[in-house]
Amino acid sequence: MHAAASLLHRAPGRLARQLLRGPAAVRRTAAGAVTAALLAAGGLAPAGTAEAAAPAAVDVTVDTRAGLGTVPDTAYGLNSAIWDAEMNTTATQDLIGDAGVGMLRYPGGSYGDIYHWRTHTAPGGYVAPGTDFDSFVGTVKKTGAQPIVIANYGSGTPEEAAGWVRYANVDKGYGVTYWEVGNELYGNGHYGADWETDEHEDTSPAAYAHGVLDYISAMKAVDPDIKVGAVLTTPGNWPDGVIGEGDSADWNHTVIPIVAGEADFVVVHWYPGGSDAAGMLTTPAQLAGELRQLRAELDAAGAEDTPIALTETNSNLLMDTQPTALFAADTYLTALENGVFTVDWWNTHNGVGEISTAPDGATDYGDMGLLSSGGCTGSVCEPPVNTPFPPYYALQLVSRTARPGDQLVAAGSADALVSAHAVLRSDGDLSVLLVNKDPSASRTARLRLNGFTPDGSPAELAVFRDRASSIDTSTGDAAGVTLPPYSVTAVTLHPKDGTASALSAPGTPEVTAVTDTTATLSWPASTGGSPVRYEIYRQHGAVSELLTDTTGTTATVRNLAPGSTYTLSVLARDTDGRLSRPSDPVAVRTTSPAESTCQVAYRVTEGWGNGFNAQITVTHTGDTAIDGWTLSYAFPDSGVTVTGYWNAKVVQSGRNVIVTPESYNATLAPHGGNAVSFGFTAANSGAYSPPAVFRLNGTVCTTT
């Protein structure tokens, strides 16, 4: 992204125009002020009033047998921009360190495509004093973070990028591991919107992908140990699905096959927006589906296990108030639970923007920074420079709750206004992070634990309340934890003595074979003892179920459904019957039947970010003609709604779809004598993964 509005008076007009950009552009103008007043704990009635009603109870389920991966040391990231004069000050460094930031991104969003490191210049943009690369590395070292650097693709060359790698890692010994090739290059005008500088004659996704290969070659010739990432779009967000002039596929389906096996990681950005605070607070749930769809796109192109970095995110509205603090807590952990290795908040400082009011009455300064820039809009001024905004405290609480090396495990809430995340800490404790998105009412959380036995001592509580300027700590009864309105609460429990196994978690499983109904896994053995057996669990929401067990380190899971995705974890059981921690998860995608009497081809023909057209072709290969057919399938994602159709009748109920023919295409000839094609238009809110199972008159078809 770019500098905030309050900084534009110091920058040329070109940058101002970049900020006012197309479909993906209304963003990154920062966070809000923190007032000194603390709300009283939820559920307490003001003096002189009748006793307040008891907070509504909500069941929160945690299953420590369902592993979601280990928190990496790069998990909690933050953007640093060269137009931010406060970027490398001692005060900023101290605040970044206190927030647990483990990755810092430089030189600042779209500035990455105009920045020339040798001269420390960004033609068309403003460069603040004291923001050069060496000063940035000083901040990295003081805070204990790692750097992630944007190599200039838009107006640079592979040779320039290779020179930066040489300076950083050979000449200076800085050890910069992570490098991105450009920023949001899909915003280079190829799809209409042109906020991102790209001086190449060919601005197509194919040209970018081949350019990435050139950058990788030049940069790794200097230091083969670096990791270089390519820019992708986030499924369900513009311009995902859009096919540009002269292209045969959209950005992801063009770039991924070209860079597969060469790019060390891929980069996406996520600014979900929403029309109001309540809508915005539902979007982290969409992020999980979007990341699953992205992972499926990578896997389908032979880029299995390619890491994903979310190097920019923010809420896009009410950015410096409590709603975005709740959004931040939810987003960081949702992304990490879905395999992202870094989540980098936009921005450290950003600048005052449009003034508005949050549902709790707090002033929003339209500032996307974690820390105040101290600017003014008219007579309304932000608090002093470096005053933390609410999202700062949310990040601080999350990073203290789910620390690098801790293991993310499944958690879920029975209340849509309360989200839940959990970690098994390295010391054996269980921490549950709960977000109450109700602006006016408390909740009482009742923890339902599977696979963990607490010792019965009081729970340790850490709470960031609405309009607060610090995190409160206390102890309480884990049987009923009060969640104040608009709050983030961490609950930490200690394990009962003798309930934890000395066995380590088994190594990450690998899928060695898969059919439509089976999957064979193998995994590295557990250490710390001799396991009696290994158990394979399927994650099903916030709980898990045992599928099979074995005394070896390989097993075949049977009776799976065709065309379905399963998330599996392996645990070891010791001689005393205690389970180890779960392995990192593995996703298993069963195939459609290899043989069937019908075949279905599904293809998205065009998209526009929040909607798409698709075509389905049905072929009958059985021996007897079908006169009158019904095709049924289900969308994997809940945010897909059919809005129109042709050459068939389409009826949708929730995720489920039933299709029947028109009079002119009701007959399917035997042995593939003909094929029937129909299409539909759908709106999507978030992910829109293709249906995996199609049934023709009840028969599961082969999907092609």
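Two residues are taken to be in contact where heavy atoms lie within 4.5 Å. In the predicted model, and leaving aside neighbours within four places in sequence, Ser 399 is in contact with Tyr 76, Ala 99 and Gly 100. Because its relative accessibility is 9%, where buried means under 20%, Ser 399 counts as buried.

For the chain as a whole, ten helices and 40 strands were assigned, and buried residues make up 57% of the 704 residues. The radius of gyration is 26 Å, which agrees with the value near 27 Å that a compact globule of 704 residues would have, while the C-alpha atoms fill a box of roughly 80 × 65 × 55 Å along the principal axes. Of the contacts with a separation of 6 or more, 73% are accounted for by residues 24 or more positions apart. The chain exposes about 25,800 Å², of which carbon and sulfur atoms supply 50%, and the mean positions of its 38 positive and 72 negative charges are 5 Å apart.

The pLDDT averages 92 over the chain, with 93% of the residues scoring at least 70. Over residues 1-51, however, the pLDDT is below 50, and this stretch has 152 contacts in the model beyond near neighbours in sequence. Where pLDDT is low, predicted coordinates should not be read in detail.

Note on methods:
Residues numbered from 1 in each chain as written. Predicted model: local features only at pLDDT ≥ 70, side-chain atom pairs only at ≥ 80, totals over all residues. Heavy atoms only, no water. Helix = DSSP H or I, 4+ residues; strand = E, 2+ residues; numbered from the N terminus. Rg over C-alpha atoms; globule rule 2.2 N^0.38 Å. Buried < 20%, exposed > 50% of the residue type's maximum accessible area, 1.4 Å probe, protein only. Areas by Shrake-Rupley, 256 points an atom, 1.4 Å probe, with all protein chains shown as cover. Lys, Arg positive; Asp, Glu negative; His and termini not counted. Charge placed at Lys NZ, Arg CZ, Asp CG, Glu CD. pLDDT = per-residue confidence, 0-100.
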